[in-house]
Amino acid sequence: MKLKFWGVRGSIPTPGKDTVRYGGNTPCVEVRPDPETLLILDAGTGISKLGDELMLSEIPVRAYLLLSHTHWDHIEGFPFFNPAMKEENEFTIIGSSHNGIPLRSILSDQMRAMYFPLQFDELKAKINFRTIEEDVFSIGSTKIEAIYVNHPGYTLGFRITNGNKSLVYISDNEPFNSELSDSVMNKVEKPVIDLFKKVNGNPNSRIAEFARDADMLIHDSMFTPGEYKRREFWGHSDYRFALQMAVEARVKKLVLFHHGPHHTDDDIDAIVQNCKIELQNQPHRPECIPAAEGLELQV
Ligand SMILES: [Zn+2]
């Protein structure tokens, strides 16, 4: 399984001299479980450059776009995804609806005339929608599992398995706090809270179990532990929680993702260094690396 990162930044694009090494585009990851299958994880601004590369294809592009959720940083690149404007291409967009609002409406609304010059119905490619909740399904020989995670907006994590290799993508997720989950302003939807509350013991073991023994875990690491104390219930993790999930799940490699827009390249270097130091005292020691735009990995 091959993957390439096209956007690794959370919340808002962050161009500038302090973010050139890790990149400032919002989430988008290209995954090729086998040579015939193209999965695209999220449609943040990084998808625009991926689209430019796909436009060079001499054969029609057929791809599956898996949306973790539809907050802006995960869909705002879609209107700039040029392969959707070519008639011979076909895309299947997979994700959750939101309190009865269909996925198609959520995506197409951001291209209404007051927001964008080209409307969704004018796209020439064939575009299919598949609405899922927690689910297991196959795309060719690849198995996809979806789980709701602790972030507002019906946010999904994905586990992608091909042969004996597994990759887990959890872009936006916060440690679940059972006592406070019902009383906060930035509410995660009740059906998702209930899924966490059903867990015996630590509710976050739900995430660790989902990632169990994966070859790679790509996880939200937006904050440092100090920053997280002041940003509880924003829906994101500090790197230490990402590390804890990777250790508990016994994954081989942790990729720190959804970098905070307030973090410079040097800040991210410091986070990775701290991660490596903290790993020395852990019973299981996954490799820990930061996601970076243009980084290509093999699972
Ligand atoms: Zn996000």
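Tutor: We'll go from the overall fold to single residues, and note that this is a predicted model.

Student: Fine. How many helices and strands are in the protein?

Tutor: The protein has eight helices and 14 strands. Its radius of gyration is 18 Å, close to the 19 Å that the globule rule gives for 299 residues, so it is as compact as a globular protein of that length.

Student: What box do the C-alpha atoms fill?

Tutor: Roughly 55 × 40 × 40 Å, taken along the principal axes.

Student: And how many of the 299 residues count as buried?

Tutor: 44% of them.

Student: What about contacts along the chain?

Tutor: Take the contacts between residues at least 6 apart in sequence. Of these, 68% join residues at least 24 apart.

Student: Let's do sheets. What is the strand order in the open sheet of seven strands?

Tutor: The order is β7-β8-β9-β10-β11-β12-β13, and the pairing is mixed. At the edges are β7 (135-139) and β13 (287-290), each pairing on one side only. From one strand to the next, the twist averages 20 degrees.

Student: Which helix packs on that sheet, touching β12 and β13?

Tutor: Helix α8, residues 265-279. Its direction makes about 175 degrees with that of β13.

Student: In which sense do β12 and β13 pair, parallel or antiparallel?

Tutor: Parallel, over four bridges, with β12 covering residues 253-257.

Student: Jump to the start of the chain. Which strands pair with β1?

Tutor: Strand β14 (residues 296-298) is joined to β1 (residues 2-7) by three bridges, and the two run antiparallel. Strand β2 (residues 28-34) also pairs with β1 in the antiparallel sense, over five bridges.

Student: New topic. Which residues touch the most other members of the largest nonpolar core?

Tutor: L65, V168 and L217, in a core of 70 residues. The largest share of this core comes from helix α7 (residues 239-249), with seven residues. As a general point, nonpolar side chains in soluble globular proteins tend to be buried together.

Student: What is L217 in contact with, leaving aside its neighbours within four places in sequence?

Tutor: V168, A211, M245, A246, A249, V251 and L254.

Student: One more residue: G95. Which strand is it in?

Tutor: G95 is in strand β5. That strand, residues 90-95, runs parallel to β6, residues 126-131, and six bridges join them. G95 stands opposite T131 in β6.

Student: Which helix goes with β5 and β6 in a β-α-β unit?

Tutor: Helix α3, residues 103-109, and the unit is right-handed.

Student: Why does G95 count as buried?

Tutor: It has 26 C-beta neighbours inside 10 Å. The cut-off is 20 or more, so G95 counts as buried.

Student: Which residues is it in contact with, again leaving aside neighbours within four places?

Tutor: For G95 they are L66, L67, T70, L103, I132 and L156. Look at T70 in that list: it is 25 residues from G95 along the chain, yet their C-alpha atoms are separated by 8.5 Å.

Methods. Residues numbered from 1 in each chain as written. Predicted model: local features only at pLDDT ≥ 70, side-chain atom pairs only at ≥ 80, totals over all residues. Rg over C-alpha atoms; globule rule 2.2 N^0.38 Å. Buried ≥ 20, exposed ≤ 12 C-beta atoms within 10 Å, placed from the backbone. Contact = placed C-beta atoms within 7 Å. Pairing = 2+ DSSP bridges. Right-handed = clockwise from strand over helix to strand, strands pointing away. Core = buried A, V, L, I, M, F, W, Y, C linked by C-beta atoms within 7 Å. Axes fitted to C-alpha atoms, helices over the stretch in contact; angles between N-to-C directions.
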